[in-house]
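Hello,

Here is the structure I promised to pass on. Please have a look, and then read my notes below.

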Amino acid sequence: MICKGVVENIMGYIDAELDYETLEELEKHLAECPECKSFVLTYKRMLELTGKLRERTFVTPEIRAKLKDLLRSKIDT
Amino acid sequence: MESRYLRKLIGHSYKAQSREIDLSSVPDERLIELYINERDQSAFEVIFNRYVDKVYGIALRVTRDPDQSEEILQEVFITLIRKAESFRGEAKFSTWLYRVTMNASLMHLRGEKKYENDISLDEYVPYDEKGTLMGRIKSKDWSSRPDIIIYSKEALKIIDDAVNELPESFRAVFHLRDIEGLSNEECSRILDISVPAVKSRLHRARLFLRDKLSDYFSEWSKLK
C-alpha cells in the first residue's frame, strides 16, 4: 500500500470497517511511513476537536424569549 | 379507529400525568403525539428547549448569517406548530425537524446566492500525483500540541471558521455527521442524498479540514 491507500481508507480505518487484508496492509504502511502516521494522528485529533463544537449554545435568552412569545401567539390562534 | 382511540388515550394519559411527571425525559415522538392530540403547550416547550440550539446551529452553519438563522429558527418552529401532523413517525422526529431546517436554510441561502463562490472539493486530495504524502504532513503535525491550546476558545474559533470555508453541500454533511454526531443514514434522509454520497462528501470535507487545521495550527502554535 502507498500513502494514497491510507488516505482513501481512513474513514473505514477509524470506523473499524476495513477487511482484514486491507487493515493489515494499511497498518504495515503506517508502521513504516512517518507522514501517514502524522496524517492519522492529526485526522483523529481533528475529529475530537470538531466534536467539541457540538457543546456550544447559540441562542441568547433574548432571542429565546422573543421566539417563545411569537410561538405562543401562533399556538393560541 | 381503534388505534386513534388508543392514541387519544395515550395522549390523555400523558396529559394527565404531565403535571406530575417530568416531561424532559419523555421521548420526542411521544411529546409530538401529545402536542398533536391535545395541543399540550408544555410538551411543545420541551421539544422547543431540546432543539432550539440545534436548529439555529444548522441554519447558521448553512447560511453563515445570524439574522437569517434567526428567521429560519422562527420558520421552523412555526412549521412545527402548523404542520406537526405531517410528521408520520416513519423516521425519528429529529430527522424530520432537521430536514425541515435544512430545506428552510437552503431556500434562504439560494435566495442570497451565497453559494456561488464555493470551491469544489470533489477531487480534493492531500497526496501528490504519485499518491504519496512525502514532505506534506509531518512538518505540520500538531497532534501532540497540549490540550490547553487545542481546546482553547481561540482554537475552537479557528476550527469553526475552517468548517465555514467548506462548500455548502460539504459543510452541511460535515455539520450533521461530525458536529451533531448523526449517522450516515440520518444524514442521507435529511439531505435527500444517498449514503455513499454522504460518505464521499464527508471524506473530502475531513481531508480539507485536516489540511486547513494543519496550516492554521502549524503557524498559530509557533506563536504560543
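**Domains, core and chain contact**

In this predicted model, chain B is divided into domain 1 (2–116) and domain 2 (118–220), with bounds from an automatic or database domain assignment. Where they touch, domain 1 of chain B brings 12 residues and domain 2 of chain B brings 11; contact here means C-beta atoms, placed from the backbone, within 7 Å. On the domain 1 side, α5(B) gives the most, with 5 residues. Helices are DSSP runs of H or I, at least four residues, numbered from the N terminus.

Next, the largest nonpolar core. It holds 68 residues, and B:Val55, B:Ala59, B:Val76, B:Leu97 and B:Val173 touch the most other members. Such a core is a set of buried Ala, Val, Leu, Ile, Met, Phe, Trp, Tyr and Cys residues joined through C-beta atoms within 7 Å, where buried means 20 or more other C-beta atoms within 10 Å of the residue's own. Helix α3 (residues 41–63) of chain B provides the largest share of this core, 12 residues. Leaving out residues up to four places away in sequence, B:Leu97 touches B:Tyr51, B:Val55 and B:Leu80.

Finally, the two chains: 45 residues of chain B are in contact with 32 residues of chain A. The largest share of the chain B side, 8 residues, is from α10(B).

On conventions, residues are numbered from 1 along each chain as its sequence is written, while chains are lettered from A and ligands numbered from 1 in the order written. Local features need pLDDT of at least 70 and side-chain atom pairs count only at pLDDT 80 or more, whereas totals for chains, interfaces and linings use all residues.

Best wishes

Terms used:
A residue is buried if 20 or more other C-beta atoms lie within 10 Å of its own, exposed if 12 or fewer, and partly exposed in between; C-beta atoms are placed from the backbone. Helices (H or I, at least four residues) and strands (E, at least two) are DSSP runs, numbered from the N terminus.
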